[in-house]
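My notes are below the structure.

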Amino acid sequence: MSSTGGRRKPPTIHDVAREAGVSRGTVSRVLNGGHYVSPAAAQAVDAAIRKTGYVVNRHARSLITGRSDSVGFLLTEPQERFFEDPNFNVLLRGCTQALAAHDIPLLLMLAGTDDERRRITRYITAGHVDGVLLVSSHSGDPVAEELRAAGVPLVACGKPIGLGSKVSYVAADDRDGARDMVRHLLALGRRRIGVVTGPLDTPGGVERLAGYREVLAEAGVEADERLVVSGDYSRASGEAGAERLLARAPDVDAVFVASDLMAQGVLTALHRAGRRVPEDVAVGGFDDSPAAVAARPELTTIRQPWDRISSEMVRVLLAQIGGDDPAAVILPTELVKRASA
């Protein structure tokens with residue numbers, strides 16, 4: 001190849017075509033999904049790309065295809081929650097890895113205020129990303145509906161409240177996971193089982209509370225609303241929730257906590273009150289996040305399949321970008337027994 005001023009020119013699509021022994025059009029079709037290309041030609045083009053070191057000019061291709069070749073990871077929570085809650089980082093890492101297999105970059109977007117949500121919605125609907133992975137959508141949050149109405153491919157983590165089948169989503173079976181945890185606590189002989197819920201304007205908060213109530217009803221345990229307190233998935237809200245539980249029901253002998261991070265706060269409050277875990281009060285969490293094994297004692301919890309959630313969110317989103325209809329995927333959870341219950 002020629003050079004100017006001692007700098008080697010980057011390889012072009014023509015160089016790839018010449019090296020592979022195919023037409024420029026064949027190389028272009030391979031780069032845009034491989035449609036109408038024989039396996040032998042596709043292999044030759046892939047080998048030529050590796051040999052020449054060709055890199056796709058995403059800007060030029062976007063002018064032709066009308067796509068940005070990027071995906072947004074939108075977290076509609078305050079920024080501090082992203083850094084506090086390990087689940088968001090696990091999910092972000094999994095989605096990044098799943099998209100990397102398709103050579104698609106992921107853009108992190110944090111929108112915890114109304115102004116931030118408006119700005120990011122404008123950015124997305126202007127076509128700067130091809131689709132959105134939406135995390136932590138509260139009821140009354142207009143983002144999901146606005147993106148859907150604008151025709152933006154969208155997959156939510158958890159079923160968005162109020163949108164039904166209009167939006168694709170991937171979720172763990174929150175209700176069944178909660179049922180498994182409460183059944184486990186009952187099997188330990190506990191009968192005064194409290195719960196620290198997640199936010200009740202989120203699908204996880206609603207479904208996990210419903211599972212808790214269903215199992216107590218099945219077991220013939222009388223419902224006691226003094227045993228139900230709400231949290232927001234933060235450690236501080238778990239600590240405050242446990243304090244409210246102890247004040248309302250000093251005889252509580254187990255607590256189902258709707259996230260591991262909140263459960264860490266519950267353990268702190270119980271320790272301060274002189275309650276031993278699990279001897280006096282058994283504690284069960286939800287997520288099986290890094291917070292579960294960092295807790296003392298380590299948490300019995302419900303494992304969400306984060307790797308599968310990430311890969312399924314990406315799979316469903318790419319299918320939707322390709323023209324498929326919205327889809328829903330619900331994945332099973334698993335009870336993980338450790339020292340706290």
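The entries start with conventions, then go sheet by sheet.

**Conventions.** I number residues from 1 along each chain as its sequence is written, and side-chain values use heavy atoms, with hydrogens and water left out. The model is predicted: local features need pLDDT of at least 70, side-chain atom pairs count only at pLDDT 80 or more, and totals for chains, interfaces and linings use all residues.

**Six-stranded sheet.** I looked up the strand order first. I read β4-β3-β5-β6-β7-β13, an open sheet with parallel pairing. Its edge strands, each pairing on one side only, are β4 (106-110) and β13 (328-331). Neighbouring strands are turned by 15° against each other on average, direction ignored. For the terms: strands (E, at least two residues) and helices (H or I, at least four) are DSSP runs numbered from the N terminus. A pair of strands needs at least two DSSP bridges.

**Helix on this sheet.** I found α6 (residues 86-100) packed on the sheet, touching β3 (71-75), β4, β5 and β6. Its direction makes about 170° with that of β3. Contact is heavy atoms within 4.5 Å. Angles run from 0 to 180 degrees between N-to-C directions of axes fitted to C-alpha atoms, for helices over the stretch in contact.

**Strand β5.** I followed β5 (residues 132-135) on both sides. Four bridges join β5 to β6 in parallel, and β3 and β5 also pair in parallel over four bridges. Leu134 has Ala156 in β6 as its bridge partner, and Val135 has Cys157. Phe73 stands opposite Leu133. Are the faces of β5 covered or open? Both are covered: Val132 and Leu134 on one side, Leu133 and Val135 on the other, are all buried. Buried is under 20% relative accessible area, exposed over 50%, partly exposed in between (1.4 Å probe, protein chains only). Side chains in a regular strand alternate between the two faces of the sheet.

**Four-stranded sheet.** I read the order β9-β8-β10-β11, open and parallel. The edges are β9 (228-230) and β11 (282-284). Twist averages 15° from one strand to the next. Three bridges join β10 (residues 254-257) to β11. Phe256 stands opposite Gly284 in β11. Helix α12 (residues 260-272) touches β8, β10 and β11, at about 165° to β11. Helix α11 (residues 235-248) lies across β8 (193-197), β9 and β10, at about 155° to β9.

**Loop residue.** Ile161 lies in the loop between β6 (154-157) and β7 (168-172). Ile161 is partly exposed, with a relative accessible area of 36%.
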